Number of protein chains: 4
Amino acid sequence: MRAITTVPPGGGVKLSQVNIESKNGLKIKTYRTGICGTDKEIAAGRLAFVRPELGSSLILGHEAVGIVTESDENSGFKEGDIVVPMVRRPGKCRMCRLGRQDFCEDGDFVEAGIRGKNGFMRDEFVEDPRFLVKVNDPSILDIAVLTEPMKNVMKMKEIFQFMRMRIPWYCDDSTLSCKNLYVFGTGTEGLLISTVFKSLGINVVEVNRHPLGENVMDYLDSNKIDYLDTSSETLGRKVKDQPMDAAIDAVGAMDVLKEITDNIRNNGIAIMFGTSGQLPSSTYEVLENIVDRNVVVVGSVDGAKAHYAEAIRFMETQGKAMQMERIITGKYEPEDLKIFSEKEKLEIKKVIAWS
Amino acid sequence: MRAITTVPPGGGVKLSQVNIESKNGLKIKTYRTGICGTDKEIAAGRLAFVRPELGSSLILGHEAVGIVTESDENSGFKEGDIVVPMVRRPGKCRMCRLGRQDFCEDGDFVEAGIRGKNGFMRDEFVEDPRFLVKVNDPSILDIAVLTEPMKNVMKMKEIFQFMRMRIPWYCDDSTLSCKNLYVFGTGTEGLLISTVFKSLGINVVEVNRHPLGENVMDYLDSNKIDYLDTSSETLGRKVKDQPMDAAIDAVGAMDVLKEITDNIRNNGIAIMFGTSGQLPSSTYEVLENIVDRNVVVVGSVDGAKAHYAEAIRFMETQGKAMQMERIITGKYEPEDLKIFSEKEKLEIKKVIAWS
Amino acid sequence: MRAITTVPPGGGVKLSQVNIESKNGLKIKTYRTGICGTDKEIAAGRLAFVRPELGSSLILGHEAVGIVTESDENSGFKEGDIVVPMVRRPGKCRMCRLGRQDFCEDGDFVEAGIRGKNGFMRDEFVEDPRFLVKVNDPSILDIAVLTEPMKNVMKMKEIFQFMRMRIPWYCDDSTLSCKNLYVFGTGTEGLLISTVFKSLGINVVEVNRHPLGENVMDYLDSNKIDYLDTSSETLGRKVKDQPMDAAIDAVGAMDVLKEITDNIRNNGIAIMFGTSGQLPSSTYEVLENIVDRNVVVVGSVDGAKAHYAEAIRFMETQGKAMQMERIITGKYEPEDLKIFSEKEKLEIKKVIAWS
Amino acid sequence: MRAITTVPPGGGVKLSQVNIESKNGLKIKTYRTGICGTDKEIAAGRLAFVRPELGSSLILGHEAVGIVTESDENSGFKEGDIVVPMVRRPGKCRMCRLGRQDFCEDGDFVEAGIRGKNGFMRDEFVEDPRFLVKVNDPSILDIAVLTEPMKNVMKMKEIFQFMRMRIPWYCDDSTLSCKNLYVFGTGTEGLLISTVFKSLGINVVEVNRHPLGENVMDYLDSNKIDYLDTSSETLGRKVKDQPMDAAIDAVGAMDVLKEITDNIRNNGIAIMFGTSGQLPSSTYEVLENIVDRNVVVVGSVDGAKAHYAEAIRFMETQGKAMQMERIITGKYEPEDLKIFSEKEKLEIKKVIAWS
């Protein structure tokens, strides 16, 4: 079968024929895989933690949706089922044993398409049913590839709801309608954060440093999400009218943390999700460690199976009304390897069609 | 205008012309009002806490949806907006001031259609915009009358999610897919509980003491909610296959509390919502006090504005897919006062159409 | 060595010479064992769940303090260390593996001196160091036998602090000084509850149905704990002056639950700890199940190692000032077996001196 | 009477006779006031937020203990009572009204001796009894001046216990005995943090960048608190043996945040308390805002009345055993104004004796 592989740590991407011996599990025909910043960084050879499962090359791809082609009756799945595979697989630590490998204590896990386990950018794969999450509504087949990035958002929501319990963090009418959440970053992750948090009844402001593409603006408008281009209006100015009660960062730069802490209100909740290895080394590690280790500021990384399921349910119930299909701005063939290095105008999320 | 009134404490219901001087507020044309067990109890003169707003008679009706006919520009509402009015209005206690009159500390509140405030069973009413919750999607106009009973369920969900935090109350894969929730009572409230909790990914078993109506069974089937008729299979038998991890009661009988505590698993969460004044006095007060006072076992009463908003959002996003329109089994004219005393075959929720 | 044994389910107590083969572990010389209601019930043959470790007889005793006589260097203990052994030993369930066998999910545990494991009413025992908790301050040697009953109270405190987080459950000055906790039962457990909760700054009222012994009244007075004898003043009368914000039951009767729910304020927290098998069967099971299964009303049973350690620290830091030695009202020889059946005037806690 | 005053924003300190008109309240004779880094910064004119109550000069002093000399019977205090006055006084915001001005939402509060309200460095003061916290045990009179800095620690403990609830943040035996907390800073605040957290059963490592004074080492040794001088052993080396599970900073430098995030384990909890205005401006504001605004990383500032009371109780029950009197290393007369600018060898906390 075809597969897109890389050779860590050097990077590069190649489409080639591979033979992988099937382990026990269900056979899944890949339908779509998404590519994200991490994939591009891997391809560029910039991520030190990338490692192959066996040998020297790694099959890329951690965002995927596929269709079961061979199952067994006790697996809970049957042929034709639409499924999303999980990325991170548990190690032996306390949290992994509780099913919360997203809070892994010792880093002893593998992640499909990233470290120690082949990913899903291939025609088909065999998977342990414990790591498959079912999509019930076939009408979301084309956006289900967003499950993986969205599960991160569902974990952020869990963290947000927890942190709100410190004090009565709500308005005098019990809702969040008087509160403003600023979301930094207008890529896929930023838009998914805005989408999910908007549904909590909080006002959401998307922030970026340059004018937004028309497609992003349309998406935000149709979902009543506000936005701010800091190249035309400063954050400091904006927060005078709409105070920043909470912030979520999907950029991963130390200066965003500074912008947040400069502007956030008392008792604010800041969830740090983004990491971006290209920033000034003097201050950057602070942020990366906060994020990668779930350190409370609050760093958030990965999500649990419950979050995959919640993401799928969100798309099934609200994906259409919120026009989430607009987030996917390009569909490519496996041969189109230039998508790993080039960025389209108005690009949000690019996906590869395998079948 | 027309209004359905009662004279507490004696009860009775009457449709008559009333003149009510308009206070400040928005003018709302009533679209639908629902009737529930409490309305029937009031009509039968069985609830001691019912009291008029002024004079000797009280306009009934606490479940309602209406349409704004006169607004002012600063209210946040405009003509034509679909709105649901809140039932309980805050007093002066600490929790009321926080917008959580559902946790009122001293009982010093009024409830529209129940105690100290006229209800919504009339052609129109004038309302303070602080106590109106907006429906954004007009396609749920006909089921929006379910907002009021459903807001109770959203509060139960808040309680459930809180109680789960005592210990890692989830399965080894982080989801709730291995857990079973038993819901007692198959009236409107019971079905709404099942509907909402099913969406959390927990297995739900509806329990009743007699065969379910075909319409209820269809509703449950289509939403993959299990059910148990204890006249044909005992609860004790059922829990052998599907252990009871949690329970929610919408019946309000002491023997249900006994059935729950007899069968619930260790670390179980039991939320008591129902109250039913007709039960043996020897043990009943226990339960009524637990419920009415939010005493932790966990009693749950009423819900906050945030829960109204959440209920509306649930219906907007999932009401159609879950076929919630099936819960409304009868639509009547204001003149049809017999609906306060008679019970239809297959009745779940009856509503009165005002316009 | 000498040991006090019983033969379940029939009961009875006998002091005899036993030989028990030493397993791996530290050797402990027993200093004191306490006897509590459970021991008396076992002796009377009234508890169905009592079972031997091996053969047909069980060594009694779950409240103990001893001194290490043989250790090994890696155990963390050395000869002469004062230690309290834990009662409940973990099974294989999720909570047991987390060290929280007090929240055991499946009941698959053993309890020293109660079910499936010999207790500490013997001259010496061999123990796995994982189940020993160290006493650092030798000056509490004589009251350290209270660690076991007090660890239950520390778990109740954990539950209380958790439940308080639902809403801002504190006074307008942030303290608990405006809140009243009613504690039912004036035996050892009741007094320990009052002692510990008083230290949180909440007002505590001890409740009993008959006049208190002078010694109990002195103890309460010196610790500024209020009390109520319901044979001379009704609870309903008392709560008019001092509303019941919270309650903890150490009696275990359904009518106490009724008294609590009759009188507790809105948003009240009631922790049920006591069980008493002799009550009317019609309502009793409700309570027993609530308690034994940690069902939220909130039942509380047992405590974790952290609670043993917290109990010891409490006694080390506050035991003397609070005059906790007064709780131990009788010291007996192992031969004095009548203490299992007779009750002394002014008795609170009786202990057996083994060395 | 005598008072130590400053003239903000220029600073300086002067002892002079002042006449202050008595408002309603209790009359308190000052016994001790402590001086801390903030007082020194005010004296040096380095804190921009300092402002007088009236006119142009401010009486300094926010750490104090005094004795009631005139009371009224309904105040809850009587002549001779030992009392600690609170620093921050509530404004009108939601959290202030709940008694949690330590979580003030809008900054509209005053702080005695710091901003908008005269402090306690004077012979006597008149105080609203709502802002007085009683010391019950006269034997702690000399250390009760530590209540104010210690109440900050009690708030940190509240935050720590809250944050631990995200996941089962404890060892496999339910205790914290396998966890290590690193405390940065060996001044008064650092030592109080170590003292209080040690009592939770967690291992504590005090960290400083230079050799510790003998007196500090003795204090730590006697309380079994470990320490690290990073001028002789690196943090990176130390955490190999004792991983950093949690950290609390009382230094207030961006590079400490970096050291923490460089070394803390997954799921770590870092509480930021210190602020130190003298650090590189490029990164410093980040930290100051995190701290001053209670932003979750987790910044912690001030404490509530409940924390004052808890601090007093801690000293009453454990102050003597933990030898907390050692923290006070110098007692001075009001005339000794050089203590605002000079630092003694082995200095920890200096106090001024007023009577």
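Modeller: In helix H5 of chain C, residues 214-222, the buried residues are Val216(C), Tyr219(C) and Leu220(C), where buried means that 20 or more other C-beta atoms, placed from the backbone, lie within 10 Å of the residue's own, exposed means 12 or fewer, and partly exposed lies in between. Helices (H or I, at least four residues) and strands (E, at least two) are DSSP runs numbered from the N terminus. This is a predicted model, in which local features need pLDDT of at least 70 and side-chain atom pairs count only at pLDDT 80 or more, whereas totals for chains, interfaces and linings use all residues. Residues are numbered from 1 along each chain as its sequence is written, while chains are lettered from A and ligands numbered from 1 in the order in which they are written.

Viewed along the axis of H5(C), the buried residues fall within an arc of 95°, so they line one face of the helix; the arc is that of the directions from the helix axis to the C-beta atoms. The face of H5(C) turned away from that buried side carries the exposed residues Glu214(C), Asp221(C) and Ser222(C). What covers the buried residues includes helix H4 (188-198), strand E13 (203-208) and strand E14 (226-229) of chain C. Just after H5(C), Lys224(C) takes a positive phi of about 55°.

Turning to how chains meet, the contact between chain A and chain D takes 32 residues from chain A and 32 residues from chain D, two residues being in contact if their C-beta atoms, placed from the backbone, lie within 7 Å. On the side of chain A that touches chain D, E16(A) gives the most, with seven residues. Of the interface residues of chain A, 100% are also interface residues in chain D, so the copies meet through the same surface. A rotation of 180° with 0.0 Å of shift along its axis superposes chain A on chain D, with an RMSD of 0.0 Å, by least squares on the C-alpha atoms of residues with pLDDT of at least 70 in both. That is the relation of a two-fold axis. Of the residues of chain A, Val297(A) comes closest to this axis, its C-alpha lying at 1.5 Å.

Within chain A, the domain assignment, automatic or from a database, gives domain 1 (2-135 + 324-353) and domain 2 (151-292). The C-alpha centres of these two domains of chain A lie 28 Å apart, and eleven residues of domain 1 are in contact with ten residues of domain 2.
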